[in-house]
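Biologist: I am new to this one. Can you put it on the screen and take my questions one by one?

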Amino acid sequence: MLVVLTVAVIAAWGRGSADPARIVADLPDAYATLQSAGLVFFAFAGYARIATMGEEVRDPARTIPRAIPVALAIVLIVYGIIAVTLLSVLGPERLSSSTAPLADAAAAGGDWTAPVVRIGAAVAATGALLALIAGVGRTALAMGRTGDLPHWFARVSGRAVPQNAEIALALTVCVLVVATDVRAAIGFSSFGVLLYYLIANLAAFRQVREHRLYPRWVSAAGALGCLLLVATLPVPSIVGGLVVVAAGTLLRLVRLSPVFRARPGRTRR
């Protein structure tokens, strides 16, 4: 995918259609800026998938803390180059109305570039889906082991792959892509991502000194930032996220209740 992005950037700048002066535009208000940051936040969540693969890497305590900052730095550089290119070629107004901005910008370099970008986007989406299935599948596996999800999700194949969880997740994603508006899904995804980053920051804040990688003020700032961005998301995204959290909390309380534990066939873990 990096090769395709490189081709797109070179094509966009190659024929002189890019003009850095287009980057200058009226600055939006603070609320709109924060809402945009909250919606785009999901695009940076992929690097955290590294942390969910702890059972599949060598020396995770050493490898994962090194891999995450490197991955985030690479993503920031790539996103920065793409953002400057799109704004320089399309300008803010055309960029905001485009449904395929990278393909539109690449088309400035020739008719052959847009199809290449679209194929690359399809391949990249497939790769992102596979990474999502692998990471979230591991989360469902852990929840199945603790009883927060049916034990069916905790079953693994002969190669220690949580096949049931990954199959269920793949089917769920396919249904969402076909039956829902992707923009609404992005808002809902951003709510969920910000929520679990809030929890991660609070957990890091409570870590004992010998296990802490960064000062506590970093965790506190991260938690406050997550709360701020969540509060500026579109209302439907916030409402939908709160409903799901409330339903999940209710189900967990029911599972932990003495009545549920006392049912025949139930044993305490």
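Biologist: Is Tyr-197 buried or exposed?

Modeller: Keep in mind that this is a predicted model. The relative accessible area of Tyr-197 is 11%. Buried means under 20%, so Tyr-197 counts as buried.

Biologist: How many aromatic pairs does the structure hold?

Modeller: Two rings pair if their centres lie within 6.5 Å. By that cut-off, the number of aromatic pairs in the structure is four.

Biologist: What kind of pair do the rings of Phe-41 and Tyr-197 make?

Modeller: Their centres are 5.4 Å apart. Their planes meet at 85°. Planes over 60 degrees apart count as edge-to-face, so the pair of Phe-41 and Tyr-197 is edge-to-face.

Biologist: How many residues apart are Phe-41 and Tyr-197?

Modeller: Phe-41 sits in the loop between α2 (30-40) and α3 (60-97). Tyr-197 belongs to helix α7 (residues 182-205).

Biologist: Which residue lies over the face of Phe-205?

Modeller: A charge counts here if CZ of Arg is within 6 Å of the ring centre and within 35 degrees of the ring normal. At 5.0 Å from the ring centre of Phe-205, the residue over its face is Arg-216.

Biologist: How about cysteines: is Cys-226 buried or exposed?

Modeller: Cys-174 is partly exposed, at 45% relative accessible area. Cys-226 has 6% relative accessibility. That is under the 20% cut-off, so Cys-226 is buried.

Biologist: How many disulfides are there?

Modeller: A disulfide needs two cysteine sulfur atoms within 2.5 Å. By this rule, the count is zero.

Biologist: Which elements give two or more residues to the largest nonpolar core?

Modeller: That core has 16 residues. Ile-82, Val-89, Leu-102, Ala-105 and Val-117 touch the most other members. The elements giving two or more residues are α1 (2-14), α3, α4 (101-106) and α5 (113-146).

Biologist: Beyond its neighbours within four places in sequence, which residues is Leu-102 in contact with?

Modeller: Contact requires heavy atoms within 4.5 Å. With those neighbours set aside, the contacts of Leu-102 are Leu-5, Ala-8, Ile-82, Leu-86 and Val-117.

Technical notes. Residues are numbered from 1 along each chain as its sequence is written. This is a predicted model: local features need pLDDT of at least 70, side-chain atom pairs count only at pLDDT 80 or more; totals for chains, interfaces and linings use all residues. Side-chain values use heavy atoms; hydrogens and water are left out. Rings of Phe, Tyr and Trp (its six-membered ring) pair if their centres lie within 6.5 Å; planes under 30 degrees apart count as stacked, over 60 as edge-to-face and the rest as tilted. Helices (H or I, at least four residues) and strands (E, at least two) are DSSP runs, numbered from the N terminus. Buried means under 20% relative accessible area, exposed over 50%, partly exposed in between (1.4 Å probe, protein chains only). A nonpolar core is a set of buried Ala, Val, Leu, Ile, Met, Phe, Trp, Tyr and Cys residues joined through side-chain atoms within 4.5 Å.
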